[in-house]
Amino acid sequence: MGLFDGDIMKYEDWNKISRIASRKSLWMVHFCTGCGAIELPPVMTSRYDMERFGMGPMATPRQADVLLITGYLTVKTLKRVVNVYEQMQSPKYVISFGSCPINGGMYWDSYNTVKRLDRYLPVDVYVGGCMPRPEGVMNAFLELMKLIDEGKARGWEKYQKYYEQYKRNQKMAFNFEREKDEGA
Amino acid sequence: MVVEKIAVIALYTTIAMFVGILFMGVGRKIVARVHNRVGPPVYQGFIDIAKLLTKKTNISHGWIYDLALLFSMTGIMLTILFLPIGGVKLLSMEGDAFLVLYLLAIPALGFALGAGASGNPNAAIGVMRALVMMLSYELPFVITLIALMIYYDTSSIAQIVEMQHAKWAIMIPPFVLAAAVADMALQGMLMEAPFDIPTAPHEIASGPMAEFGGKHLGALMIYKAGTIVAYTTLFVDLFLGGGVVMHDGSVLAYLANFAVWFILIFLVFTLSLLINTSFPRFRIEQAFKFYWKYEALLAFISLIWVYLMVIS
Ligand code: SF4
């Protein structure tokens, strides 16, 4: 970052430019975990058209900025989601859909879903509902843009800072599954 | 003199890149309107590139991966310098039509090198498809180019442009056919549907670009912008007289030619986008067959027609 350490441009100004640009061009990964994926086509197509805000689906995690967790997460999917999240380039954001990733929702006593997503990944915006309507999803996107603009969407920094704790939680979930498999 | 020349060259390539980035945004807007959507603002391309270049982390897959981008970028810039823009020729010599054909292969090879270095299997499939595509569209395109060279009796693009002052090539009957063939070849060069086989996002996760992220993807988008300008300018130079409408060498003529060039490449690009939005994707062997069977046949007919016109 040497160039922008105050010689040419203040680091804060540089950050601000970065935030303005990334707010207006959020690319999301095509990775759908649960029921919520069905609410995305109306959001993308002509009715709600999220490309108005420069948002769009991207094919691979390397290219993307936003990870959408669209509904319940089984432990097996969690492994993949963590992989996808770690491949994305920061600044990166997570939006979680529906009540399942918040507190388990209707799967609260299920044997193979995780109940609270933010124990495993830093979530920036939650959308409530089972399922949230497209209006709700749009609202969440606008909310995320507002948070980015104010510099409050700092989930990725949190993940770097508390990496050990997140890893420990993830490992606990994975181990739990392995023991269950071996016991059966 | 040398400093001036370098400054002019830098100015031209920068303008070309800016026009290309603008076209990417305009293109998305046009596609959105076809889908009956509002679409992003026309300056979206600039925002996207700014975002990608200001990303905080970046992953490299070794020095080949880094240098390959520079390699493609250099190739596309050189191509732009050899194409007259609005009748202004920066570099030109006898036989540069052949040189441009070679130069056009450099960016694709650089791209293939970078994608290969990333080691992603999807990228490998994408590169394979891109090379097969190159092989397929170049045959009909070269035949139309030979027809032009026979008719104008020169192998320099700048001279082909100059000789079209009185009458654009597309107004001569055999070249209507040739222009149609070249336009479909252009579709393949720009990787727009039905020939977006190498970068099909839903089949092979955007192919060669699968592992590109952050600043590398930003550089790749600038390269893509350059290709849009280079290929459309090539078409305009060959068939639409390079957009030259006034040739008295005054400042006004310079500006007018530049404006007409801009409008013409925009029209060519829009046409390719409209074809893109209305067709699904070919499979690679279908695309190959399309180019080598039908397109090449049409190109041959126009070549023979031109030959008969010239000798009679
Ligand atoms: S919140 Fe409801 S709709 Fe969403 S994943 Fe859970 S059960 Fe499905």
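The model is predicted, and local features need pLDDT of at least 70, side-chain atom pairs count only at pLDDT 80 or more, and totals for chains, interfaces and linings use all residues. Residues are numbered from 1 along each chain as its sequence is written, chains are lettered from A in the order in which they are written, and side-chain values use heavy atoms, with hydrogens and water left out.

On the side of chain B that touches chain A, the elements giving two or more residues are helices H1 (2-34), H2 (44-53), H8 (201-204) and H9 (214-239) of chain B; helices are DSSP runs of H or I with at least four residues, numbered from the N terminus. H2(B) supplies the largest share, six residues. By class, this side has 15 nonpolar, twelve polar and seven charged residues (Ala, Val, Leu, Ile, Met, Phe, Trp, Tyr, Cys and Pro count as nonpolar, Asp, Glu, Lys and Arg as charged, and the others, Gly among them, as polar). In total, 34 residues of chain B contact 28 residues of chain A, contact meaning heavy atoms within 4.5 Å. The area buried between the chains is about 2,500 Å², with 53% given by carbon and sulfur atoms; buried area is the accessible area (1.4 Å probe) that two parts lose on being put together, summed over both.

Six salt bridges are found across the interface of chain B and chain A, each a side-chain nitrogen of Lys or Arg within 4 Å of a carboxyl oxygen of Asp or Glu. A salt bridge joins the side chains of Lys55(B) and Asp65(A), at 2.4 Å from N to O.

The structure holds one cavity of 30 Å³ or more. On a 1 Å grid over the protein atoms alone, a cavity is a set of points where a 1.4 Å probe fits but cannot get out, and lining residues have an atom within 4 Å of a point.

Technical notes: 1 Å grid on protein atoms, 1.4 Å probe; cavity = no way out; pocket = protein on both sides within 12 Å on 5 of 7 lines; lining within 4 Å. Points joined across faces, edges and corners; volume = space filled by probe spheres on them.
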